[in-house]
Amino acid sequence: MAAEKREFQAEVRHLLHLMIHSLYSNKEIFLRELISNASDACDKLRFEAIADPALLGADELAVELVPDPAAGTLTIKDNGVGMSRDEVIENLGTIARSGTRKFLESLSGDQKKDAQLIGQFGVGFYSAYIVADKVTVLSKRADGEAVRWESDGQGEFTVEPSFKLDRGTEVILHLREDDKEFLEPLRLKSLVRKYSDHIGLPIKLRNDKGELETINQARAFWTRPKSELKDEDYAKFYEQIAHDYQAPLAWAHHKVEGTIEYTSLLYIPSRAPFDLWDREQSRGVQLYVKRVFIMDKAAELLPPYLRFVRGVVDTPDLPLNVSREILQGNRTVEKIRSALVKRVLDLLDDMAANKPDDYAKFWAAFGTVFKEGLVEDQANQERIARLCRFHSTTSDKADVTLEAYVARMPAEQTGIYYLTAETLAAARSSPHLEGFRARNFEVLLLTDRIDEWVVSHLTEFGGKKLVSVARASKDLEAKIETPEKARLEGEFKEVIERLQKALGERVEAVRLSSRLTESPSCLVAGEYALSRRLEEMLRRAGEQAPASRPILEINPTHPLVEKLKATGDDAAFADLGELLFGQALLAEGGQLDDPAGFVRRLNKLLLAGAGAEPSRIIVG
Ligand code: ADP
């Protein structure tokens, strides 16, 4: 069969162009990427050999680097699984992977950063074109025919049947004139030490006499004793498994022997990956059984709220042929999982106590995800709550702990006060806070979407109930009530009845507020109703929310409310009432049913104010 010509997919072409024209300042990473692919191929073979031990044969799995100065080529050779013709076409010519598009979208233009992204997004093979103007791939699966793939990276590639004696893959880089440095043995050795030292199989360099020399540690990193390992070693291993070139914040390395046996090495990264928010995205630590790589992203080993943790778990207590299905509900896995959760929480406790700056970084990157644990992991809720950090009315940063909050509560305060809102700015200027601020009660400001669920699950901490300041509650209001309120109640009785009639079905009730000191009005949820924000979120998500009616609170000391009281004309009264209701809704980020009507009424009021008494224009 003759060579068949094919075109690269458009995205691949774009990527290749980028490789060739913009990543020249950090060329060396190509070697790391290709060695990592070769090592993955060996892991896959080892895995297939579990079912078919004959596959392994006598030869040791290894990666070989063969520089050939005469031909100007560097070959990266492995005896891993190899690829069939279809796999070569699929893997090296078509990337349907969503990773590529996201990679292209997240390029910053900063070469160094962009180069680091390559590994993270799984587009490693194409990095070959940073140093090569032509790449030839020879590959053969154990039971298949050899195939030859070749391309100059300009838009087309060819595939044809070929001859190859042994199973595995050879990636032959025809180096550009300027990149011949990658033929030098010393350069190759130092690169392998830098990037691939901890790969769990030997990387061998072939010299000009045809002799092979192993140039890496070739030992599973986590099996080495802690005493032998330095911080730099841990950081390097992290780079290798997480494809993240920013040093991790912390790690924990444990060997456990007992009823279950395992080694775990867990890392807390310092920044979030691009798909952290996607809960469906399978992720987690790598699982090894007796040093044999079993799977990446073994989601069952850690709960979703710890999905930012990277690392390795190696255990002899699971069968080698373990599948994702077996992992689910497996008792050994459950035990390892709850032990790992404790390890991560210990690690975070330690960081929070001893490295507060690092902890702040952790919180900024992963706090929102970690908080899911308050809902998900009832057994550890108290510990998780201690690790949470919040904004509050007394702190500009997200650094308030529940413990500190409770410790500085004044004696008369019985609950932990909070307000949920769409943004921090909206929370800080919310009318609901006025009375609490005036009396120096600290209020936690919760602005993450998850917070609505958090407060429905975390109902108390340290024996103190969490109390929303935007919800009707006699106890709460008694704390901030002014002595004049009783007198004013009598004075405003009639206005309240009139206003309630004017607003009709839209409100549950109208009443005088204890909360407001500056604003004329606000809406609060009934004592047992859903929170107003949660209702709004459900509605926007198209879910059926029980349509509960809010309570409208008005501030009897505000001139607009005084004006309402003095208004005899029914139509004018209704207009003003609408404005009080509408602005309360707007202030909490709600949507008006009739925005244009609201604006018309507002303009009418402004003009009336301007005409009659120019010095007393009131805009609320
Ligand atoms: P990634 O390795 O992140 O999936 P790459 O572009 O580096 O992305 O490789 C694409 C695919 O090509 C790999 O997933 C793998 O299936 C296949 N591949 C690459 N190199 C080899 C190799 N040496 N042996 C077998 N398969 C390989």
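1. A pocket here is an open set of grid points where a 1.4 Å probe fits, with protein on both sides within 12 Å along at least five of seven lines. The second largest pocket holds about 910 Å³ of space. Its lining counts 40 residues, and R532, E536, R539, L585 and E588 are the closest to its centre.

2. Which elements give two or more residues to this lining? They are β17 (416-420), α19 (532-540), α21 (570-587) and α22 (595-612). The most comes from α19, with six residues. Domain 3 (376-478) and domain 4 (482-617) each supply at least three residues to the lining. By type, the lining residues split into 17 charged, 13 nonpolar and ten polar.

3. The model is predicted. Its pLDDT averages 89 over the chain, and 93% of the residues score at least 70. Residues 612-620 fall below 50, yet this stretch has 13 contacts in the model beyond near neighbours in sequence.

4. β17 also belongs to an open sheet of six strands, with mixed pairing, in the order β16-β15-β18-β17-β20-β19. The edges are β16 (395-400) and β19 (460-461); each has a single partner strand, so one side of each lacks a neighbour in the sheet. Strand β15 (residues 390-392) runs antiparallel to β16, joined by two bridges. S392 has S395 of β16 as its bridge partner.

5. How many residues lie between β10 and β11 in their hairpin? There are five. Strands β10 (residues 250-256) and β11 (residues 262-268) pair antiparallel over seven bridges.

Definitions and conventions:
Residues are numbered from 1 along each chain as its sequence is written. This is a predicted model: local features need pLDDT of at least 70, side-chain atom pairs count only at pLDDT 80 or more; totals for chains, interfaces and linings use all residues. Side-chain values use heavy atoms; hydrogens and water are left out. Two strands pair if DSSP finds at least two bridges between them. Helices (H or I, at least four residues) and strands (E, at least two) are DSSP runs, numbered from the N terminus. pLDDT is the predictor's confidence in each residue, from 0 to 100. Contact means heavy atoms within 4.5 Å. On a 1 Å grid over the protein atoms alone, a cavity is a set of points where a 1.4 Å probe fits but cannot get out, and a pocket is an open set with protein on both sides within 12 Å along at least five of seven lines; lining residues have an atom within 4 Å of a point. Grid points are joined across faces, edges and corners, and a volume is the space filled by probe spheres set on the points. Ala, Val, Leu, Ile, Met, Phe, Trp, Tyr, Cys and Pro count as nonpolar, Asp, Glu, Lys and Arg as charged, and the others, Gly among them, as polar. Domain bounds come from an automatic or database domain assignment.
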